[in-house]
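Biologist: Before I use any of the labels in this model, I would like to know what stands behind each one. Can we go through them in turn?

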Amino acid sequence: MEREKRRGLRKQVSEYDGSVEQNRGVEERFFRRRITRPITELLRQGVTPEKMALSLALGVALGVFPVLGTTTALCALVAFLWRLNLPAIQIVNYFVYPLQIALLIPFFRAGEELFGAPHLPLSVAQIYAMVHASFWGATRFLWTAIWHAAVAWCLIAPVFVGLAHVILVPLFERVAGRTLKERSTD
């Protein structure tokens with residue numbers, strides 16, 4: 001009887017390990033399918049590594065802009081004005097939406113510090129409830145905090161975009177070189 005229990009336990013552990021491996025495989029396939037493959041395809045279609053790097057860096061930076069509901073329009077406008085890849089910048093913008101929510105309060109706090117404004121004891125849940133109760137009421141109440149947070153973002157975002165661009169360009173140049181090498185061998 002004890003042996004049967006141990007066998008059953010071993011079987012459960014091995015099934016659990018297999019499900020973990022399957023989940024890791026699903027996550028890897030998701031990352032490859034949703035991020036890696038589209039970037040590689042765009043590089044194959046002639047998008048330069050510099051433009052792709054700038055599109056992704058700006059997509060992240062604009063995607064965390066601390067004014068809810070504005071990032072899609074900002075990304076589209078920047079992509080149009082700078083002739084960047086609109087799908088790439090928008091995909092990144094959508095992927096960083098949780099990061100925008102997570103950084104909302106830190107940007108509010110940075111704006112308070114920058115302007116010496118009084119501390120607003122807010123949480124993301126409170127902001128969410130205020131917006132759902134009355135979007136315009138929440139906007140009026142939070143206007144100063146939003147404005148301060150946007151200024152703090154304006155100071156941080158260019159530094160982030162510059163660093164991300166410097167890191168991503170060599171990475172995308174390697175990927176583009178690899179895809180060109182694959183094409184020439186075919």
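Biologist: Why is Glu112 called buried?

Modeller: This is a predicted model, and the values are computed from it. Glu112 has a relative accessibility of 9%. Buried means under 20%, so Glu112 counts as buried.

Biologist: What makes the contact between Glu112 and Arg109 a salt bridge?

Modeller: The distance from N to O is 2.9 Å. The rule asks for a side-chain nitrogen of Lys or Arg within 4 Å of a carboxyl oxygen of Asp or Glu, so the pair of Glu112 and Arg109 qualifies. By this rule the count is one salt bridge. Both residues lie in helix 5, three residues apart, which is about one turn of the helix.

Biologist: Why is Arg109 called partly exposed?

Modeller: Arg109 has 21% relative accessibility. Buried needs a value under 20% and exposed a value over 50%, with partly exposed in between. Therefore Arg109 counts as partly exposed.

Biologist: How do you know that Asn85 is buried?

Modeller: Its relative accessibility is 14%, and the cut-off for buried is under 20%, so Asn85 counts as buried. Asn85 is in the loop between helix 3 and helix 4 (86–95).

Biologist: What does the side chain of Asn85 reach?

Modeller: It reaches the backbone nitrogen of Ala88, at 2.8 Å. The distance limit for a polar contact is 3.5 Å, and 2.8 Å is within that limit.

Biologist: Why is the pair of Phe65 and Trp153 called edge-to-face?

Modeller: The count of aromatic pairs is three. In the pair of Phe65 and Trp153, the ring centres are 4.7 Å apart and the planes are at 80°. Rings pair if their centres lie within 6.5 Å, and planes over 60 degrees apart count as edge-to-face, so this pair is edge-to-face.

Biologist: What does the pair of Phe65 and Trp153 tie together?

Modeller: Phe65 lies in the loop between helix 2 (49–63) and helix 3 (71–82), and Trp153 in helix 7, so the pair ties together parts that are 88 residues apart in sequence. Phe65 has a relative accessible area of 13% and is buried. Trp153, at 11%, is buried.

Biologist: What makes Phe135 and Trp136 an edge-to-face pair?

Modeller: Their ring centres are 5.0 Å apart and their planes are at 80°. An angle over 60 degrees counts as edge-to-face, so the label applies to Phe135 and Trp136.

Biologist: Which residues make the nonpolar surface patch?

Modeller: Leu114, Phe115, Trp143, Trp147, Leu155 and Ile156 make a patch of about 630 Å². Helix 5 (97–115) and helix 7 (135–185) are the elements that give two or more residues to the patch. The largest share, four residues, comes from helix 7.

Biologist: Why does Trp143 count as exposed?

Modeller: Trp143 is in helix 7. Its relative accessibility is 51% and the cut-off is over 50%, so Trp143 counts as exposed.

Biologist: What does the secondary structure of the protein come to?

Modeller: It comes to seven helices and zero strands. Of the 186 residues in the protein, 31% are buried.

Note on methods. Residues numbered from 1 in each chain as written. Predicted model: local features only at pLDDT ≥ 70, side-chain atom pairs only at ≥ 80, totals over all residues. Heavy atoms only, no water. Buried < 20%, exposed > 50% of the residue type's maximum accessible area, 1.4 Å probe, protein only. Patch = residues over 30% accessible without salt bridge, like charges linked within 9 Å, V, L, I, M, F, W, Y side chains within 5 Å. Areas by Shrake-Rupley, 256 points an atom, 1.4 Å probe, with all protein chains shown as cover. Phe/Tyr/Trp six-rings, centres within 6.5 Å; stacked < 30°, edge-to-face > 60°. Polar contact = N/O pair within 3.5 Å; in protein donor to acceptor, adjacent residues only side chain to side chain.
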